[in-house]
Amino acid sequence: MNDVLDKDIMQIRPRHAKGTMLRTESFGAILVGGDQPLMSLNEDALAIWKLCDGSKIVNNIKTILLQEYENEQMEDKLISFIEFCLSKEFLVHSDQEADE
């Protein structure tokens with residue numbers, strides 16, 4: 001896990017960890033693991049989560065988000081969210097085994 005954070009974050013391909021899912025509720029979106037809520041997502045985090053499908057490197061996700069949101073802080077939000085989710089194992093590097 002630590003070697004993922006040591007790599008250049010902009011070059012990894014994050015994907016949802018096995019068992020971590022998005023659930024939409026009346027109050028917004030939350031990540032769940034099994035039937036346990038893990039964290040709620042604001043609009044920015046939700047947009048990032050949806051793009052973390054293992055097919056795009058973080059740099060490509062940044063480009064997509066900047067085109068859509070034109071928010072100067074989006075890159076910082078993106079990196080913080082990806083790093084946090086990797087550290088909590090909500091996201092994994094697409095090169096990692098599915099069972100990790």
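Just after H4, glutamate 89 adopts a positive phi of about 65°. The model is predicted: local features need pLDDT of at least 70, side-chain atom pairs count only at pLDDT 80 or more, and totals for chains, interfaces and linings use all residues. Residues are numbered from 1 along each chain as its sequence is written, and side-chain values use heavy atoms, with hydrogens and water left out.

View 1. Met74, Leu78, Ile79, Phe81, Ile82, Cys85 and Leu86 are buried (under 20% relative accessible area, 1.4 Å probe, protein chains only).

**View 2. Contacts between H2 and H4.** From helix H2 (residues 43-51), Asp44, Ala45, Ile48 and Trp49 meet Met74, Lys77, Leu78, Phe81 and Ile82 in H4 (contact means heavy atoms within 4.5 Å).

**View 3. Surroundings of glycine 54.** Glycine 54 lies in the loop between H2 and helix H3 (58-69). Glycine 54 counts as buried because its relative accessibility is 17%. Leaving aside neighbours within four places in sequence, glycine 54 contacts Arg13, Pro14, Arg15 and Ser94. The C-alpha atoms of glycine 54 and serine 94 are separated by 5.1 Å, although the two residues are 40 residues apart along the chain.

Note on methods: Buried means under 20% relative accessible area, exposed over 50%, partly exposed in between (1.4 Å probe, protein chains only). Helices (H or I, at least four residues) and strands (E, at least two) are DSSP runs, numbered from the N terminus. Axes are lines fitted to C-alpha atoms, for helices over the stretch in contact, and angles run from 0 to 180 degrees between N-to-C directions.
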